[in-house]
Amino acid sequence: MIEAWLGTINGYLWGSILIYLLTACGLWFTWRLKGIQFRHFFHMFTLLGASRKGRNPDDKMNGQGADNLPSPQGISSFQALCTTLAARVGTGNLMGVAVAISLGGAGAVFWMWLIALLGMATAFAESSLGQLYKEKDGNNAFRGGPAYYMRKGLKSPALAVTFSLCLFFGYGFVFSSVQANSITNAFYGSFGVPPITTGIIITICAALVILGGLKNIARFAELIVPFMGIAYLLVSLAVVLINLPAIPGIITDIFTSALGLKEAGGGLVGAAIVQGVKRGLYSNEAGMGSSPNAAAAAIPYPPHPVSQGYIQMLAVFFDTLVICSCTAFVILLAPAQGENIQGILLTQQAFASQVGSWGSDFITLAILLFGFTSIVANFAYADNNLKYLKLDHAAGHWFLRIGFLGMLVFGSAASLPQVIALADLATGLMTVVNVVALFLLSKVVLAITQDYHGQLKQKKVPCYRASEEQQHSFNLTKKIWSD
């Protein structure tokens, strides 16, 4: 009954609203920012090299002293990148790609690529806004995200609360149950461990990490994410290189299936689009409004909101165009599996068919690292939004912790269709609210981007002084409505 109800809502939400809304948002920012994800592609990597510097209070930039520099009590841009990658690079990259291919065919991969390329501009916009409208909390650390730019930028507390409710529902309770489901299924498939047993162990480990706060989560992500990403990438690339002669045929199949050029494949185009966009968004999160929460907590270098936009744009590229593509190629290289084989089991069997039985165990380890880092990053996002729900007190924090950990146990025992349906609903609700706000704040994004590049042209290190930020943001916001 509940699955049927969720299926109906998700059908309307994804089939009639989100596909068009997300595509329009990506196209809009790609056009307004003049293809920033393509023109300044290598600038992302330049900033990544400096991202571990953060902000030193003793630095003097552009002749300005340290008086207006933010407190060093924050996370570096590199840690923010790793935190968002910890949430992005999760089961969506292994299980989500398998689901997309199972339900939408090879053509779904093309639409995952397209939504990621467009989504890079969307991610740039939302993360830049997250930095622009951030504020200090009681612990002298930074907080921010869509709820903050909806309240401060759009002067809409109601929209901020609405988004916070959607995010709290998704990241506080739903998304981590998907991660837990994939981890427990992987361990059951490889080692025969009962899902509930693995789920309880995961829950205990997650409790130990999340009780340490965002800084501990960021440090954990900074250590684990690069390791797990590189290891998975190397094994996947090895498989692709071994099968290099077959890759052109697979790429041709992806494009012909996506565009309906394959014989008897026209009817699959709709399914390919829906599944590609769904799983692509769930994996890279561009437009969902999740990554601005971590982006706002960073002390960026250069000290300008736009620099964090570039860093988070890189996260989308790495997540979908690199890691998801590796998974897709390995699955499409494998022999056809039975209809009952889907989700993480499909990915496991695909790797096992290419590298031997250890491939299944390798995916089990990868899904454990991918999924667990996503779980702890998800908690950080939910915890960041307690303020807007008036739950930013001891009882509210414990309510989130208990509910969050309880959903990990639920996800371990639930079926894959149940948790996927809940995740699709939560993802859709968050995205609709956030994308509407992004459209309304697009002139602000354009203005701060021009400010950043104007300083670069003057051979300056771009700097956005905190004392000027509030007035500048207010003036930009007024201009939106006056125009």
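Is Lys 34 buried or exposed, and what is its relative accessible area? Lys 34 is exposed, with a relative accessible area of 63%, where buried stands for under 20% relative accessible area, exposed for over 50% and partly exposed for values in between, computed with a 1.4 Å probe on protein chains only. The model is a predicted one, in which local features need pLDDT of at least 70 and side-chain atom pairs count only at pLDDT 80 or more, while totals for chains, interfaces and linings use all residues. Residues are numbered from 1 along each chain as its sequence is written, and side-chain values use heavy atoms, with hydrogens and water left out.

Lys 34 lies in the loop between helix 1 and helix 2 (36–39), helices being DSSP runs of H or I with at least four residues, numbered from the N terminus. Its phi is near 55°, a positive value in a residue other than glycine. Most residues other than glycine have a negative phi. A positive phi, near 65°, is also found at Lys 459, a residue of the loop between helix 19 and helix 20 (466–482). With a relative accessibility of 78%, Lys 459 counts as exposed.

Leu 346, found in helix 15 (residues 344–355), counts as buried at 9% relative accessibility, and its C-alpha atom is separated by 8.8 Å from that of Ser 102, 244 residues apart along the chain. Asp 253 has its place in helix 11 (residues 247–258) and is partly exposed, with a relative accessible area of 23%; between its C-alpha atom and that of Gly 107, 146 residues apart along the chain, the separation is 7.4 Å.

As to aromatic side chains, the structure holds 21 aromatic pairs, a pair being rings of Phe, Tyr or Trp (its six-membered ring) whose centres lie within 6.5 Å. One aromatic cluster is formed by Phe 110, Trp 111, Trp 113, Phe 255 and Phe 329. Elsewhere, the charged end of Arg 401 sits over the ring of Trp 398, 4.7 Å from its centre, which requires NZ of Lys or CZ of Arg within 6 Å of the ring centre and within 35 degrees of the ring normal.

The count of cavities of 30 Å³ or more comes to two, a cavity being a set of points on a 1 Å grid over the protein atoms alone where a 1.4 Å probe fits but cannot get out, with lining residues having an atom within 4 Å of a point. The second largest cavity has a volume of about 60 Å³, and helix 1 (2–32), helix 6 (107–132) and helix 12 (269–284) are the elements that give two or more residues to its lining. Helix 6 provides the largest share of that lining, four residues. Among the lining residues are Leu 22, Cys 25, Ile 115, Thr 122 and Asn 284. The lining divides into six nonpolar, four polar and no charged residues, with Ala, Val, Leu, Ile, Met, Phe, Trp, Tyr, Cys and Pro counted as nonpolar, Asp, Glu, Lys and Arg as charged, and the others, Gly among them, as polar.

Definitions and conventions:
Phe/Tyr/Trp six-rings, centres within 6.5 Å; stacked < 30°, edge-to-face > 60°. 1 Å grid on protein atoms, 1.4 Å probe; cavity = no way out; pocket = protein on both sides within 12 Å on 5 of 7 lines; lining within 4 Å. Points joined across faces, edges and corners; volume = space filled by probe spheres on them.
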